[in-house]
Amino acid sequence: MSTEVKTGVAAEAVGRAPDRDGLANWLGRAVLRNGPLGGLIALVVVMAVLSRDFLNGQNLLNVGVQASVTAILAFGVTFVIVSAGIDLSVGSVAALSATVVAWAATGEGLPVWMAVLLGLAVGAASGLVSGALVAYGKLPAFIATLAMLSVGRGLALVISGGSPIAFPGAVAALGDTLGGWLPVPVLVMIVMGLVAALILARTYSGRAMFAIGGNEEAARLSGIHVKRRKLVIYALSGLFAAVAGIVLAARLTSAQPQAATGYELDAIAAVVIGGASLSGGSGKASGTLIGALILAVLRNGLNLLSVSAFWQQVATGLVIALAVLLDTLRRRSAR
């Protein structure tokens with residue numbers, strides 16, 4: 001082969017190399033951007049292959065019901081994590097709010113609508129207290145919400161006397177199905193997801209969350225009243241937790257003071273798996289929903305495969321670790 005031909009072949013190879021590198025980089029960025037959705041699709045495919053019962057219509061509806069409470073909690077936690085905070089109290093606030101609804105309607109004879117409003121107010125007030133401790137008390141969010149976790153659980157136990165309280169029938173309908181097949185908890189999850197997406201994308205509070213999470217000092221200098229915004233953020237988290245608690249109690253047909261124990265960790269995991277950054281400044285309601293569905297699909301599939309609950313904990317932990325790793329890689333890629 002002549003020198004000219006060799007040179008031409010080498011030049012052509014060098015010319016193709018950047019194209020291949022560019023394609024590889026594009027694929028890598030696409031995986032990082034759409035990791036949660038791709039992970040959910042891959043997980044569904046794997047479970048469908050391993051278990052013939054997984055794609056059964058009734059089972060898929062069960063997955064939605066299992067994801068509903070975690071997703072509603074996680075939508076509220078998304079506001080906090082986007083603003084570079086953390087909320088460990090949502091499980092206890094959910095139990096407290098449901099207990100207040102049952103106590104007010106069943107024990108005190110209040111009209112059901114008034115009892116529900118009282119429960120929602122308790123949830124928002126609990127978040128407001130956490131927000132005040134963070135914004136004005138200068139407590140780390142971890143400590144403030146950890147304290148509220150204990151206070152909320154304790155108040156639920158005090159109000160209920162440590163025993164379940166029958167949930168009013170009108171509200172217990174939230175745990176039923178429409179038309180005999182469509183679970184109401186799934187509808188509530190969708191509605192709360194749309195509300196969360198609207199708040200994040202279309203409101204001043206939503207824009208302030210991203211600004212505070214991106215750079216709190218810059219947000220303050222740009223005219224955002226950071227302390228007031230934090231009150232709103234944590235109050236919204238408490239309000240969403242109250243809705244989740246009411247839905248959970250409706251499914252159980254009773255308000256149980258020990259309900260939703262550990263759910264705060266599932267909610268945080270769903271937000272992180274869904275692509276939000278724990279350092280703040282990024283996150284979407286759709287991603288949070290995908291994260292909650294990934295957890296529900298994983299647990300449902302492992303149950304169908306008769307995998308031990310102990311190994312299910314291990315699998316969940318690995319998924320969370322992988323999600324955080326992807327978040328780290330995504331931020332490095334952005335830089």
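This briefing covers the fold, core, helix packing and selected residues of one protein model. The model is predicted. The protein has 14 helices and four strands. Of its 335 residues, 45% are buried. Among contacts between residues at least 6 apart in sequence, 77% link residues at least 24 apart.

**Nonpolar cores**

- The largest nonpolar core holds 66 residues, and the members that touch the most others are Ile72, Leu73, Phe75, Phe79 and Met209.
- Helix H3, residues 57-82, gives the most to this core, contributing 14 residues.
- Leaving out residues up to four places away in sequence, Ile72 touches Val188, Met189, Met192, Phe240, Val243, Ala244 and Val247.
- In soluble globular proteins, nonpolar side chains tend to be buried together.

**The aromatic pair**

- One aromatic pair turns up in a search of the whole structure.
- The pair consists of Phe79 and Phe240, and it is edge-to-face because the ring planes stand at 85°, with the ring centres 5.4 Å apart.
- Phe79 belongs to helix H3 and Phe240 to helix H11 (residues 226-252), so the pair ties together parts that are 161 residues apart in sequence.
- Phe79 and Phe240 are both buried.

**Packing of H3 against H13**

- Helix H13 spans residues 285-304 and packs with H3 at an angle of about 140°, the axes being 8 Å apart.
- The two helices, H3 and H13, are therefore oblique to each other.
- The crossing of H3 and H13 is right-handed.
- On the H3 side, the residues that meet H13 are Asn59, Val63, Gln66, Ala67, Thr70, Ala71, Ala74, Phe75 and Thr78.
- On the H13 side, the residues that meet H3 are Ala285, Thr288, Leu289, Ala292, Leu293, Ala296, Val297, Asn300 and Leu304.
- Phe75 is one of the H3 residues that meet H13, and Phe75 is also among the residues that touch the most other members of the largest core.
- An α-helix has 3.6 residues a turn, so residues three or four places apart point the same way.

**Packing of H8 against H11**

- The axes of H8 and H11 come within 11 Å and cross at roughly 175°.
- This makes H8 roughly antiparallel to H11.
- H8 brings Pro185, Val188, Met192, Val195, Ala196 and Ile199 to the contact, and H11 brings Leu236, Phe240, Val243, Val247 and Arg251.
- Val188 and Met192 of H8, together with Phe240, Val243 and Val247 of H11, take part in this contact, and these residues are also touched by Ile72.
- Leu194 is another residue of H8, which covers residues 184-202.
- Leu194 counts as exposed, because its relative accessibility is 58%.
- The C-alpha atoms of Leu194 and Ser286 are 8.8 Å apart, although the two residues are 92 places apart in sequence.

**Helix H12**

- H12 (residues 263-273) is largely enclosed by the rest of the structure, because nine of its 11 residues are buried.
- The buried residues of H12 are Glu264, Asp266, Ala267, Ile268, Ala269, Ala270, Val271, Val272 and Ile273.
- After H12 comes Gly275, which has a positive phi near 110°.

- Ser51 is in the loop between helix H2 (35-50) and H3.
- With a relative accessibility of 9%, Ser51 counts as buried.
- Beyond residues up to four places away in sequence, Ser51 touches Leu304 and Leu305; Leu304 is also one of the H13 residues that meet H3.
- Thr253 sits in the loop between H11 and E4, and its phi is positive, about 60°, although Thr253 is not a glycine.
- Ser254 lies in strand E4, residues 254-255.
- Ser254 counts as buried, at 12% relative accessibility.
- Aside from neighbours within four places in sequence, Ser254 is in contact with Pro164, Ile165, Ala166, Phe167 and Ala249.
- Ser306 is found in the loop between H13 and helix H14 (309-334).
- Ser306 has a positive phi near 60° and is a residue other than glycine.
- Ser306 is exposed, at a relative accessible area of 65%.

Terms used: Residues numbered from 1 in each chain as written. Predicted model: local features only at pLDDT ≥ 70, side-chain atom pairs only at ≥ 80, totals over all residues. Heavy atoms only, no water. Buried < 20%, exposed > 50% of the residue type's maximum accessible area, 1.4 Å probe, protein only. Core = buried A, V, L, I, M, F, W, Y, C linked by side-chain atoms within 4.5 Å. Contact = heavy atoms within 4.5 Å. Phe/Tyr/Trp six-rings, centres within 6.5 Å; stacked < 30°, edge-to-face > 60°. Axes fitted to C-alpha atoms, helices over the stretch in contact; angles between N-to-C directions. Parallel < 35°, antiparallel > 145°, perpendicular 65-115°, else oblique. Left-handed = near helix turned anticlockwise from the far one by under 90°.
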